[in-house]
Amino acid sequence: MTDSVNQRVRLLAGRYEIGALIGRGGMADVRLGTDARLGRKVAIKLLKPALANDPAFRTRFRREAQDAAKMAHPTIVRIFDAGEETVLDPSGNEAQIPFIVMEYVDGRLLKDIIAEGPLPEHEAVRITGQILTALEYSHRAGVVHRDIKPGNIMIASNGQVKVMDFGIARAIAESSATIAETSSIVGTAQYFSPEQARGESVDARTDLYSTGVVLFEMLTGQAPFRGENPVAVAYQHVNQIPAPPSTLNHAISPSVDAVVEHSLSKDRFARFQSAAEFRDQLDGAGAGAPPVVRQVVPANDFNATLFGVNPTMTANSDAALRQLTIDQDARGSRTQQRPPVAWIWAGIALLLVIIITVVIWTITLPKDTGLDKGLSVKVPTLAGQSFDDASAALKKLTLTAVEQQVPSSTISPGAVISTTPAAGSSVGPHTDVTVTVSSGPAALNVPNVAGLSVEAATAQLKQVGLKVGTSTPEDSSTVPLGFVVESTPAAGTSAKSGDVITLMTSTGKVNIPSVVGQSGSDAGAALTALHIAYSVVPNPGCSGSKVSAQSVVGEQPQNASMSITVCTG
């Protein structure tokens, strides 16, 4: 159903034109698009409608897309827009299609490059370094990717690395339960960190583990762990030590081997603690420097949130009880340092002011804008109205009408035919709505039907939208009996769809005019123009080369013969 629904969508949010399919994954299809408002090429990711059934997912999806859109870095694919489009599926039911509008990158996916074989060590180091630069930027912004894999990494035609889908993986992951319950992670189990496989909370070091898996795959052409199903692969991430890359590719140096091994440590506190540290170690290994052994240090306040709990804390029951006792003592001491009463009342007063302001704003909000129903507005039904009335109705909903006239033989001139987006579609405020208005029947040229039978001429005229009236007989020296001599209006003149055309049909006869008194040459030319065969009879009794008599005159059968008498005296 997804493909059929996606194919029915041609314009998103009133501005993004959908083009050819350029990628397909387990969670979404990616299509080439054009931002009609800014005139730039974009990539549009249409997520599966099944992901939008949960209202909580839509909320998380919108929030994470907005957070990801704030990140601007050369190594990160920018997100320009995101939302949901309401369409009708083949069964006539409404379906929600979440979409993401991204920067279009002219290049190839890293997974397609790896499919052609292992990369040279220096190229794998260069690509991984740029991936880690993107992660360093996102981690400083407090965003953990959660789904680093070759399918989310583009290599532009100029060699620039671009990482995709920041923040989107979080929205999908929080809407999923386990490996067995969701198909959205089947394709990414090879890049799971051990903590992901165990269902634990993840932090920035999860991205670093997944980057280590991607580096291993670039160096060897295959992932470190493979299995018959995602659960089997996840089990290996938790319990098995991967083989050094050099056992699969002998060209790998021992220094790079050691960096890969360090990045794939099962214990998140034993692996690299930041993207910058990983990149520095990898760059040194790529240049031939020996690896540096890092000492595990306690996490600071920043690491406590982005990188998990303090690694120096022991995990046994006694330690937990001691920590709980310390926490209780700390809470007890804090309760003795209560703020002054004046500050409490000031805070309560400020809260009341905010609540009253929000209530007043809600009451005074215009009810006909459609904004009190959410962040979107439904396009009203405008068919049959005039453009002025349709424009006024859209203006009340904070939408802008853009007129587009098209010919129509069934809709009265000036009446609205349809709108784009269609009536009932949900769009954002201030969206341009194209209003298609009838300009009346289309102007067309009358085709040339001379020489055709009445039936053939009638069919040809009806095919272009014209009607045929009563046929009128007309003499013709060349057109066979019953065939069309000409039409009224004549061929090549302008007419409107539905106009009536009169056909002149041949009587099979020719009207021979009187040529008596004309010179012999003029009379011959007139008869020849009518395709009449004639003979000349000389008359020596008169002079002047004039026609003195003719054998027949008036209506005669086609191909009739006659004689003319010409004075030769």
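Two strands are said to pair if DSSP finds at least two bridges between them, and strands (E, at least two residues) and helices (H or I, at least four residues) are DSSP runs numbered from the N terminus. The model is predicted, with local features needing pLDDT of at least 70 and side-chain atom pairs counting only at pLDDT 80 or more, while totals for chains, interfaces and linings use all residues. Residues are numbered from 1 along each chain as its sequence is written, and side-chain values use heavy atoms, leaving out hydrogens and water.

Strand S23 (residues 547-550) runs antiparallel to S25 and is joined to S25 by three bridges, with glutamine 550 standing opposite isoleucine 564 in S25. Strand S22 (residues 533-539) pairs with S25 in the parallel sense over seven bridges, and here proline 538 has valine 566 in S25 as its bridge partner. S25 itself (residues 561-567) is mostly covered, since six of its seven residues are buried (under 20% relative accessible area, with a 1.4 Å probe and protein chains only).

Turning to the helices, H4 (residues 121-140) and H7 (residues 204-220) pack at an angle of about 165 degrees, with their axes 10 Å apart; axes are lines fitted to C-alpha atoms, for helices over the stretch in contact, and angles run from 0 to 180 degrees between N-to-C directions. H4 and H7 are therefore roughly antiparallel to each other, a term for angles over 145 degrees. Where they are in contact (heavy atoms within 4.5 Å), the residues of H4 include Ile127, Ile131 and Leu135, and those of H7 include Leu208, Val214 and Met218.

Definitions and conventions. Angles under 35 degrees count as roughly parallel, over 145 as roughly antiparallel, 65 to 115 as roughly perpendicular and the rest as oblique. Buried means under 20% relative accessible area, exposed over 50%, partly exposed in between (1.4 Å probe, protein chains only).
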